[in-house]
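Q: Please take a close look at one part of this model: the turns and loops. Where do they sit, and what surrounds them?

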Amino acid sequence: DTTSGDLTLKRTIQARNVGWSVLDTALSPDTCHLIYSSWCDSIHQVSLFHTDESKHTALPLRADEEHRFCIFSLRFSANGDEILGGANDGYLYVYDRFAQTRSVRIDAHEEDVNAVAFVDTATHILASGGDDGLVKIWDRRSLRESNPQPVGVFAGHVDGITFIDAKDDARHIISNG
């Protein structure tokens, strides 16, 4: 908590199923939940106000146990209903928090997806950045999961993309590589 001008510890959370490291975290828009990812088939959601361990849940994304899997980048939607993740298998994953299931899986990049963002508050426009040095823009209204095509591709980075952020106006994004 920084409301008093100082850093005050509110809660310590013991991460679960951490294969190597916690790779990314995000805070829900209502500031009630924290999500984190690691080298495992799930992302984890923790209630920040309940110390009950049942409020620390794994949200499964993938059933394929053949290869090592992780989500490198996580973001909540503006309303907190969905979670967007970019994975080491080149896919984007959208998780519906209320249905408690993965709702969309997009074959996005040839290599790791290191950065993701919701570009608009309606959650129609997604951005992804990968080891291929490309930022891709996806419009869910015209997206077919069986043959996903980005509506835009930004090239020019000489290295992989490591971060994307959006102004939430469906027009402006920033990336680094």
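A: The protein has zero helices and 14 strands. Helices here are DSSP runs of H or I with at least four residues, strands are runs of E with at least two, and both are numbered from the N terminus. Read along the sequence, the pattern is therefore β-β-β-β-β-β-β-β-β-β-β-β-β-β. The model is predicted, so local features need pLDDT of at least 70 and side-chain atom pairs pLDDT 80 or more, while totals for chains, interfaces and linings use all residues. Residues are numbered from 1 along each chain as its sequence is written, and side-chain values use heavy atoms, without hydrogens and water.

The C-alpha atoms fill a box of roughly 45 × 40 × 30 Å along the principal axes. Of the 177 residues, 42% count as buried. Buried means under 20% relative accessible area, exposed over 50%, partly exposed in between, with a 1.4 Å probe and protein chains only.

Strand β1 covers residues 24–27, and β2 covers residues 33–37. The two pair in the antiparallel sense over four bridges; pairing requires at least two DSSP bridges between strands. Leu27 has Leu34 as its bridge partner in β2. Five residues separate the strands, and Thr31 takes a positive phi near 60°. Most residues other than glycine have a negative phi.

Next, the loop between β5 (71–76) and β6 (82–87), where Gly80 is placed. Gly80 counts as buried because its relative accessibility is 4%. Leaving out residues up to four places away in sequence, Gly80 touches Pro29 and Arg97. A contact means heavy atoms within 4.5 Å. Gly80 and Ser175 lie 95 residues apart in sequence and 23 Å apart in space, C-alpha to C-alpha.

Two further loops hold a positive phi. Gln100 sits between β7 (91–96) and β8 (101–107). Its phi is near 55°. Gln100 is exposed, because its relative accessible area is 57%. Thr123 lies between β9 (113–118) and β10 (125–130). Thr123 has a phi of about 65°, although it is not a glycine. At 10% relative accessibility, Thr123 counts as buried.

Strand β13 spans residues 163–166, and β14 spans residues 173–176. They pair in the antiparallel sense over four bridges. Ala166 stands opposite Ile173 in β14. Six residues lie between the strands, and Asp168 in the turn has a positive phi of about 65°. Ile164 and Ala166 make up the covered face of β13; Phe163 and Asp165 make up the uncovered one.
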